[in-house]
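Dear colleague,

Please find the structure below, followed by a summary of what was found in it.

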Amino acid sequence: MAASLLSHGMRRCSAHACAAVAVRRGLSSAAPPSVFTRLLLNLSRYFYDVEHIVGWNDWARTKLVRSKNTFFGYAQQRFGDNIGAAYYILTLRGSFRFAGQSEWFRPDSRGRFSYDFMSTPDAQIEEVDLSGTIINHNGLDNLVKQNKLKSLSLRGCPEVDDWFLARLHVFGESLVELDVSHCPCVTVGGLAALQNLRKLQRLDISGLARLQSPGLVRILLEEMLPHCRVTGAEYEQGLIQPDTREPTEEDHEASANTGVRHI
Amino acid sequence: MWRKLFASVPAFRAPKAPCRSFKSSSRRAEKDFNKDLEAQFRAFREKVAAAMPGSDWSPFELTPGLPPERADVVIVGGGVVGWSIAYWLKRKERVRDGLRVLVVEKDPTYSQASTVLSCGGIRQQFSLKENIELSMTSADFLKNINNHLWVVNEDPVDLQFNHSGYLFLASEKSAHIMEENYRTQRHAGAKVALLSPSQLKERFPWINTDGVALASLGLENEGWFDPWSLLNAFRRKAMSMGVYQCFGEVTGFRCSSNVAEIADGDFVDVKRIKYVNVQMPNSLEYQPVESAVVVNAAGANSGKIATMLGIGLGPKESISGIPFPVEPRKRFVYVVHCPDGPGLDTPFLIDYSGVYCRREGLGGNYLTGMSPEETEEPDISNLDVDDKFFQEKVWHHLANRIPAFEQLKVSSGWAGFYDYNTFDQNGIVGLHPLVPNMYFATGFSGHGLQQSPAVGLAVAELILDGGYKTVNLNAFDLKRIFLREPILESNIV
C-alpha cells in the first residue's frame, strides 16, 4: 500500500518508462536472469507496486548512464579539450595514456584518481581503455577532438552499440587498434561502419553474442580492411557441421518410400 | 379404472411400435444419453456465461472492426507516416486520453503499401536544408528508439540498421552541384566527406571510376534498416497508448461548406469536414466517423482522397481547379546475386546515371534499381515487375560502374509505389486553404520512410501547438503549389 502511494507521487510517464526499461534490461543482457530477477519480473506482471519498484532501480540506472555520458562542456572550455577528455575518461573509471608519455592514468578500485594529468594540457591522448564502462554514443562527444588516438578498448561495455561504432569515423586517420569484444549490443551493421577506420591494424571481435556467423563476418572484415588482423572468431564458427546434423524429414521419407516400393 | 384412464391419454400410452430390448445395448445407450446430457449442460453453461455482464454477446449482430462513432483526429493511411503522427499526437497530449486518435488503413496485409516495399535507406545528403534536418532528427529518433517506442513486457525494437552510409557519384557536369550540396549539408550538421576519383578508387577498389569527377560519402547516421520493424514498433507503441486502429477504406466525407470571397472577387467553397465515411472491407456497410481534424497520410492514394473533397474539380482558373499534385508512380527493385561482388563495405551507391545498388545481407545479394525517365513511366494499375527494364536499362549502367556485376543472376524483384509529388518532388505538409481541417503529410516521393519520425513530430506540433517547434517545415506548406513556386531537390533517387 505504501509503495503504491509513494509511486503515485512520481511522474506517471517516467514510472511507465522505467518499468519498461527495467524489463528491457532484464531481457537484453547476455547472461540469463537470476532467480530473483525472474521472480520480480513475474510478480511485476500482476502487481503495480512491484512494477514500480522494479522500475525505480532502472530509472536510477538510466539516469546514471545519461548523466555519465553528458558533454563535459565546462571542463573542455576551461581547461582545454585534452584535459576535458582525460577527466571524462577517469570519471567513467576508464584509463588512458598520453602520447609521448609511458605511464597510464588509472583510477583506483574506489574510483578516485589523482589530478596529475592536468599538468600537461597540450598532451594528446594516445591509448584509452574503457572496458567495462557505461560509455555510449553520447559520451563520445567528449573524445571526438582526440585525433591522435591509436588504441581504444571497449571490452564488455554494455552500452556500446552500432551507433557508437558509426561515430568512430572521427578517429579514421589514427586508430590502429580496436577491441569491441563481449559487447552485447554490437551487430554486423555496426561492424560495417568500421570501413572508415582505414589505419586499423588489430580488431578483436570475440564474444559478440548477436553475430550469427562469426566466421563469415571475420572473412568479410578482413576483405574490407586489408591491413587489419581480425581476432576473436574462427572461420568455422557459424558453419553448419554436416556430420552432427540430425536426420531430416527427407531422409525419413526416402526410407519410407523405398519400404513401400519393396512391398 | 385408473388403468383405462391412463391408457386413454395418448402421451402415456406405451409405444405400440416394436422396440428393441434394452438389455444388450443398455450400457451404450446410457453412455450416449450421458454424453448428450453433458453436451446439453455445457451449452447451458456457455449460454449462462454469455448472458452475464462482461461477455461480448449481444442480441444485435454488430460488424466486427467498426471504427468508433466519434474521434478527435482521424488519420487516413496506416503507413509509417500515419502511425508516426498517431504516436506523436498521443505523446504530446497533456491529459491522459485527452485526444482520441483513429488510424484508418485500407489493407491489413500491407501488400501495396509503400512503407514495406521500400529499400529502407536513410541519408542526410540532400540539397534542401529542411530535408537534411528532417533526416537528422529522424536518425536521432532511431538512435534512441527503445527510449521512445518500447512497450512493457515486449521485446526491444531491433531495426537491423546497417551503418554503411550512402555514396553519391557525380560527373563533370554535376560536380559543382555536389560541392554546393556538401556545403549545405555540413552547415546543417551532417557528417559527409567528399572524395576525389583517386581516393575513391583507393577506398573502394571495386568501383570503376571512369566519368566520376567527385564522390560524396556519408560517414554517420546513414545506412538502411528494416521498414516493417519501424512500422510495427510505431503501431505497437501507439496502440498501447490508446490509438484506435480500423481496417477500412475512406470512401467519402460529409462536409459543411461556406462560400468565401477571395482577392480577385471570385467565390470559392470552403469545406469543413464533419464526418469521414469509413467503409468496411468486403461490405457495403460504412461508418460515418465524426471528427474534428483529418490527416491525409495516404501516400500514393492521397490524390484520390483529395479529389473526394472536390480539390481540383473546380473551374480551371480558380484555386479549386488546381489538383492535389500527388500521384502513384511505380518503381522496381531487383534482388541480384553476385558471388564476386563487393563485400561488407558496400555503401548505398547512387550513380549519376540514376542507378542505385546496396548490399542485402552477407550472402552476396544486392538490391538494385533505377528511376525510369519521365516519358517512360510504367503502368500503375498493378505491381507487376518488368524484367526487361532491368536487362535493357539498369544492367549496363550497373556493370559499367561495378565491373563485378557483369556476372550476376536476378533472383527476384518487386515493385512499389512512390507517392510522387509531380510539382517539385518534395513533401507536402500543412493545411489546405479550401479544407481548413484537413492536414496533409504526403508527397515525399520516396523519402517518406526516412523522414517519418520527424514528420510525425512536426505534424503533431502543427495540430496541437499551432506551429512548428523542432523542425521548421514552413517551406513545405501547400501555398507553394498555388503560388507556383516549386522548391526543387536536386538529389532525387
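How many residues of the lining of the largest cavity are nonpolar, polar and charged? The lining divides into 2 nonpolar, 6 polar and no charged residues, where Ala, Val, Leu, Ile, Met, Phe, Trp, Tyr, Cys and Pro count as nonpolar, Asp, Glu, Lys and Arg as charged, and the others, Gly among them, as polar.

This is a predicted model, in which local features need pLDDT of at least 70 and side-chain atom pairs count only at pLDDT 80 or more, whereas totals for chains, interfaces and linings use all residues. Residues are numbered from 1 along each chain as its sequence is written, chains are lettered from A and ligands numbered from 1 in the order in which they are written, and side-chain values use heavy atoms, with hydrogens and water left out.

The structure holds 1 cavity of 30 Å³ or more (a set of points on a 1 Å grid over the protein atoms alone where a 1.4 Å probe fits but cannot get out; lining residues have an atom within 4 Å of a point). Its volume is about 30 Å³ (the space filled by probe spheres set on the points, which are joined across faces, edges and corners). Among the lining residues are A:Gln195, A:Asn196 and B:His163.

As for the interface, 31 residues from chain A and 29 residues from chain B are in contact (heavy atoms within 4.5 Å). The two chains bury about 2,800 Å² between them, 59% of it on carbon and sulfur atoms (accessible area, with a 1.4 Å probe, lost on being put together and summed over both).

Across this interface there are 2 salt bridges (a side-chain nitrogen of Lys or Arg within 4 Å of a carboxyl oxygen of Asp or Glu). A:Arg210 and B:Asp158 meet in a salt bridge, at 3.3 Å from N to O.

Over all chains, 28 salt bridges are found. In one of them, the closest N and O atoms of B:Lys92 and B:Asp465 are 3.0 Å apart.

Yours sincerely

Key:
1 Å grid on protein atoms, 1.4 Å probe; cavity = no way out; pocket = protein on both sides within 12 Å on 5 of 7 lines; lining within 4 Å.
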